[in-house]
Each structure stands twice: as structure tokens, then as C-alpha cells.
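Here is my note on the model, point by point. Please read it with the coordinates open.

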Amino acid sequence: MLSDLQTKKLTRYFQVYDIDDDGRIEASDFERIVENVRLLHGIDGEDADGLAAAYRTLWARLRAAADVDGDRGIDLDEWLAYWQLTLEDDARYAAEVDGLTERLLSVFDLDEDGAIGPSEFSDFYGIFGLPVRLAETVFAELDADADGRITSAELREAGRVFFRSDDPTAPANVLFGPYGA
Ligand SMILES: [Ca+2]
Ligand SMILES: [Ca+2]
Ligand SMILES: [Ca+2]
Ligand SMILES: [Ca+2]
């Protein structure tokens, strides 16, 4: 079972992907994410095609696993059911945390130093429509050793805590911004 805290955090994560805020994660939400990432990197042509293809694959995998009623969208109930199964399975959970860490680094580590700096973190919030004024506070929470960079190890730890921790005071709970009451 997902705890109350996990349900709130995963609902917040759902809202991050449901960019148009219509209560369903669909192909069109992923297309908007791709477009935002494309603009951030200023890429087009073949690179943009590769980016779009990567997100199509990600969406297809998510849909195959989570769209139980087959209506080509993932509603919140399907999303939470998907995460309950994933978090109960250590191998799937580890793969999700690794995948999230790699995606965040590959998309937002613009200067390619292997870590997320403050302005790269603001980009991340901007792309997902999260309040950018919060980025600075959340960045400081996730930068565990306060050296001004969120390394892949810090990001992976944040992912682990975000998905599984039931400690309401854990800083990484707010990886995707504040979650609802
Ligand atoms: Ca949507
Ligand atoms: Ca569905
Ligand atoms: Ca960087
Ligand atoms: Ca750090």
C-alpha cells in the first residue's frame, strides 16, 4: 500500500507530467515536454528527431505498463496503481530511480559537468511548469553537501527518498515542488 505521504508525492509527480492539467497523462503532454526541452537546448533537425523518439519510447513504455483500461491516457488512479506495483518490486524501483536520474542529468546538465547547478535546476522547474521562485529553496535542500551542485549521487539519493521515504521531514520529498495538503 502507498502511504498518505507517498500518495501525495506521487500525485505531485503526476501533475508534473500532466502538463496541460486535464487530469490525464497523454501523448500530447509528452509532446509539450519534448517541445520545451527542444527550446531549452535550442536544437532542431536530427537532434530534435532523436529527442522526440526518446520521449515517444518513454511514453510507450509508460502507457503499456500503466494504461490499464487502454484509453490511451493515464489517469491518477492508474498512475498510483502503477507506482504501487513498481515500489513493491526492488528491481523495478531501482530501474525507475536510475532512469529518472539519468533523464534529469541528460536533459538539464547543459554545461555537461555531470551535475545540476542552480540555473540548470531552475530550467528543470521552468520546463515542467513548476514555480521557478521555489527552485532556489528546493535546490538548497537537495544539494546535501552544499557545494552548489547536485551530483548524480545526490540526485539518485533524492529520487530514492522521493519515491519511497515516508519521513515527512525528508528534504527530497519536494523534488518536484511542494505537494498538496
Ligand atoms: Ca494531460
Ligand atoms: Ca487509462
Ligand atoms: Ca551542470
Ligand atoms: Ca552537492
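1. Some terms come first. Axes are lines fitted to C-alpha atoms, for helices over the stretch in contact, and angles run from 0 to 180 degrees between N-to-C directions. Helices (H or I, at least four residues) and strands (E, at least two) are DSSP runs, numbered from the N terminus. Two packed helices are described by the angle between their axes and the distance between the axes.

2. Source and conventions. This is a predicted model, in which local features need pLDDT of at least 70 and side-chain atom pairs count only at pLDDT 80 or more, while totals for chains, interfaces and linings use all residues. Residues are numbered from 1 along each chain as its sequence is written, and chains are lettered from A and ligands numbered from 1 in the order in which they are written.

3. Overall layout. The protein has eight helices and four strands. Their order along the sequence is α-β-α-α-β-α-α-β-α-α-β-α. The radius of gyration (over C-alpha atoms) is 16 Å, close to the 16 Å from the globule rule (2.2 Å times the number of residues to the power 0.38) for 181 residues, so the protein is as compact as a globular protein of that length. Along the principal axes, the C-alpha atoms fill a box of roughly 45 × 45 × 30 Å.

4. Of the 181 residues, 24% are buried. Buried is 20 or more other C-beta atoms within 10 Å of the residue's own, exposed is 12 or fewer, and partly exposed is in between, with C-beta atoms placed from the backbone. Two residues are in contact if their C-beta atoms, placed from the backbone, lie within 7 Å. Among contacts with a separation of 6 or more, 54% join residues 24 or more positions apart.

5. Helices α2 and α3. The axes of α2 (residues 27–41) and α3 (residues 45–66) come within 10 Å and cross at roughly 150 degrees. The crossing is right-handed; a crossing is left-handed if the near helix is turned anticlockwise from the far one by less than a right angle, and right-handed if clockwise. On the α2 side the contact uses Ala27, Phe30, Ile33, Val34, Val37 and Arg38; on the α3 side, Ala48, Leu51, Ala52, Tyr55 and Trp59. That contact divides into 10 nonpolar residues, no polar and one charged. Here Ala, Val, Leu, Ile, Met, Phe, Trp, Tyr, Cys and Pro count as nonpolar, Asp, Glu, Lys and Arg as charged, and the others, Gly among them, as polar.

6. Helices α6 and α7. Helix α6 (residues 118–127) packs on α7 (residues 135–142) at about 120 degrees, with the axes 9 Å apart. That angle makes α6 oblique to α7 (under 35 degrees is roughly parallel, over 145 roughly antiparallel, 65 to 115 roughly perpendicular, the rest oblique). The crossing of α6 and α7 is right-handed. Pro118, Phe121, Ser122 and Tyr125 of α6 meet Ala135, Glu136 and Phe139 of α7. These residues divide into five nonpolar, one polar and one charged.

7. Asn36. This residue sits in α2. Asn36 is partly exposed, with 17 other C-beta atoms within 10 Å. Asn36 and Asp123 are 87 residues apart in sequence, yet 10.0 Å apart in space, C-alpha to C-alpha.

8. Positive phi. Most residues other than glycine have a negative phi. Asp21 has phi near 65 degrees; Asp21 lies in the loop between α1 (4–17) and β1 (24–25). Asp21 is exposed, with 9 other C-beta atoms within 10 Å. Phi of Arg72 is also near 65 degrees.
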